[in-house]
Amino acid sequence: MSRVYVAMSGGVDSSVAAALLLEAGHDVTGVTMQLWPSGDVGKSCCSVDAARLARRACDALGIPHYVLNFREIFEREVVSPCADAYASGATPNPCIECNDRVKFEELWRRAAQQGADYLATGHYGRLLIDETGQWQLHRAVDSAKDQSYFLYRMTQAHMSRTLFPLGELTKVQVRDHAAGIGLPNASAAESQDLCFTEDSYLSTVAERRPDALREGSVVDLGGRQVATHQG
C-alpha cells in the first residue's frame with residue numbers, strides 16, 4: 001500500500017482517480033490547489049465551488065481533503081510568463097507550464113513533505129517502463145480525451161512518482177464508475193478553459209502588460225495596410 005496524494009479539481013476525472021486508488025488499497029488524500037482568486041461559482045477549476053465539489057467527493061469516498069494556497073507561485077510561474085509571451089507575439093500554453101512548474105514540482109514537494117509516495121492526477125495519459133528501465137509517456141486509451149501533449153515536459157523523476165489512474169479508461173467508463181459509486185460530481189460538466197480569466201487571455205495581458213495592447217497595422221506582403229489590430 002502506498003500513500004498517494006491526488007490533485008483534485010472538483011471534476012469527475014480527478015474524483016474517479018482518487019476512487020480507483022482507494023479501491024486498489026492505497027492510503028489516499030485529496031488536495032486542491034487554490035491557484036487564482038475566484039468567485040463562488042464559475043467555470044474555473046479554481047473557484048470556491050470547485051473546491052467545494054472536491055471536498056464533497058472526498059467526503060463521499062471517506063478520505064481527507066485539503067486546500068493549499070498556490071497563488072504566488074502560479075502568478076510567478078504561469079500567469080505573468082503567459083502575459084509576457086502574448087505581449088511578445090507568442091502563443092503560450094499555460095496549462096503545460098502549470099503541470100511542469102506547479103503541479104509536478106511544487107505540489108509534489110508539499111505532498112512529499114507530508115509523507116506521500118506518489119502524486120496522482122485525473123489526466124488521461126499512461127506512464128510505462130521500457131525494457132531499459134526508463135519511464136515513457138504514452139497516449140491514453142481514449143484518444144478523444146488524451147492529454148499526453150500537456151505532459152510532454154515530464155522528466156524521469158516526475159514520471160517515477162506520478163500515477164495516472166485513468167489512462168486505460170474511456171471518459172464513458174469514468175462517468176459510469178462515478179455514477180456507480182455515487183460520486184456527487186458524476187455528471188459534472190467539463191472544465192477545460194483557462195482557469196485565470198473569465199473571458200479571454202486578453203484581459204490578463206491588458207492588466208499586466210497594458211503597453212502591449214496598442215493599435216497597429218495589419219499589412220499584406222506588399223506592405224499595404226489592409227486592417228488594424230488592437231495589439
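Q: Which element supplies the largest share of the lining of the second largest pocket?

A: Strand β5 does, with 4 residues. On a 1 Å grid over the protein atoms alone, a pocket is an open set of points with protein on both sides within 12 Å along at least five of seven lines, whereas a cavity is a set where a 1.4 Å probe fits but cannot get out; lining residues have an atom within 4 Å of a point. Strands (E, at least two residues) and helices (H or I, at least four) are DSSP runs numbered from the N terminus.

Q: What kind of model is this, and how are its residues numbered?

A: It is a predicted model, in which local features need pLDDT of at least 70 and side-chain atom pairs count only at pLDDT 80 or more, while totals for chains, interfaces and linings use all residues. Residues are numbered from 1 along each chain as its sequence is written, and side-chain values use heavy atoms, with hydrogens and water left out.

Q: How much space lies in the second largest pocket, and which residues are closest to its centre?

A: The second largest pocket holds about 190 Å³ of space, a volume being the space filled by probe spheres set on grid points, which are joined across faces, edges and corners. Of its 14 lining residues, Leu127, Trp135, Thr162, Leu163 and Phe164 are the closest to the centre. At least two lining residues come from each of β5 (125-129), α5 (156-160) and β7 (162-163).

Q: Which classes of residue form that lining?

A: The lining of the second largest pocket has 8 nonpolar, 4 polar and 2 charged residues. Here Ala, Val, Leu, Ile, Met, Phe, Trp, Tyr, Cys and Pro count as nonpolar, Asp, Glu, Lys and Arg as charged, and the others, Gly among them, as polar.

Q: What does β5 pair with?

A: Strands pair if DSSP finds at least two bridges between them. β5 pairs with β6 (residues 135-139) in the antiparallel sense over 5 bridges, and Leu127 stands opposite Leu137 in β6. The two strands form a hairpin with 5 residues between them, and Gly133 in the turn has a positive phi of about 90°.

Q: Where does β7 stand in the open sheet?

A: The open sheet has 5 strands in the order β3-β2-β1-β4-β7, with parallel pairing. β7 and β3 (65-69) are the edge strands, each pairing on one side only. Strand β2 (residues 27-34) pairs with β3 over 5 bridges, and Gln34 has Asn69 in β3 as its bridge partner.

Q: How many cavities of 30 Å³ or more does the structure hold?

A: Rolling a probe the size of a water molecule over the atoms shows where empty space is left. The structure holds 1 such cavity, and about 40 Å³ of space lies in the largest cavity. Its lining residues include Asn99, Phe104, Phe150 and His158. Helix α4 gives the largest share of this lining, 4 residues.
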